[in-house]
Amino acid sequence: VSTIEQANANNTAVVNQDGTIGGSSDINQTGTGNHATVSTQQDDGSPYPGGPSAEGPSYPPGAAPISVSTITQDGNNNNATVIQKTATSAVPNNSDIKQGGDSNNANVSQYDDTQTSSVSQSTNHNVANVTQGLDNGLDNSYGNSSIVAQGGGDLNTATVTQTGTFGTSDVEQSGSGGTANVTQHDGSHDANSTVTQTADSDSATVDQSGDHQTSTVDQEANN
């Protein structure tokens, strides 16, 4: 199922859903010169049998739609790209991108299953790159969750990579020119990272391997 709504001028939307069980895509662009691409929403047709899953929640058999993508762009000249591919267990991935400022870029790639990503960029010239799961056909990189919120200032960049299981990342940047890089590696389990940067030109790098790691970065003073 795909729904596209566009107002104003020079917006483009491209959707490719190539799954067996089915995906859902909703694109709403009310600004000017925005581009939204849901380049792949794909599942391998291995329906979840129903009942409690290894990831925690209980799902009906098949659990369709498998990949759910929502893109809302109210500003101008924004770009959003989503890739979602599930394999081994048809449990949904969810991506939600909201861009209300101008000239923002959001790129979300989610593999395996039960990945959740939320990107919100309300100011200008911000970049968010989120990668969750491994595209290897194995059920070994599921249940990750990422939140990126960039507003208040401009020119922030957040890069989140989670390739273990049940990783959680929350990046919030409200200054200008901030950079946050979060990596939670293959084989890690239940890693948690929180990065909050409210001043200008702050930079944070988090790199975690292993199980039950926790990191909190809170930067308020200007450099």
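Trainee: Which residue of strand 14 is the bridge partner of Gln132?

Mentor: Gln162 is the bridge partner of Gln132 in strand 14. This is a predicted model, in which local features need pLDDT of at least 70 and side-chain atom pairs count only at pLDDT 80 or more, while totals for chains, interfaces and linings use all residues. Residues are numbered from 1 along each chain as its sequence is written, and side-chain values use heavy atoms, with hydrogens and water left out.

Trainee: What makes strand 12 and strand 14 a pair?

Mentor: Two strands pair if DSSP finds at least two bridges between them, and strands are DSSP runs of E with at least two residues, numbered from the N terminus. Strand 12 (residues 127-132) and strand 14 (residues 157-162) have six bridges in the parallel sense, so they pair.

Trainee: Why does one side of strand 2 and of strand 18 lack a neighbour in the sheet?

Mentor: The open sheet has eight strands in the order 2-4-8-10-12-14-16-18, with parallel pairing. Strand 2 (12-17) and strand 18 (203-208) stand at its edges with a single partner strand each, and therefore one side of each is left without a neighbour in the sheet.

Trainee: Why is Thr183 called partly exposed?

Mentor: Buried means under 20% relative accessible area and exposed means over 50%, with partly exposed in between, using a 1.4 Å probe and protein chains only. Thr183 has a relative accessible area of 23%, so it is partly exposed.

Trainee: Which residues does Thr183 contact, apart from its neighbours within four places in sequence?

Mentor: With contact meaning heavy atoms within 4.5 Å, Thr183 touches Thr161, Val206, Asp207 and Gln208.

Key: Helices (H or I, at least four residues) and strands (E, at least two) are DSSP runs, numbered from the N terminus.
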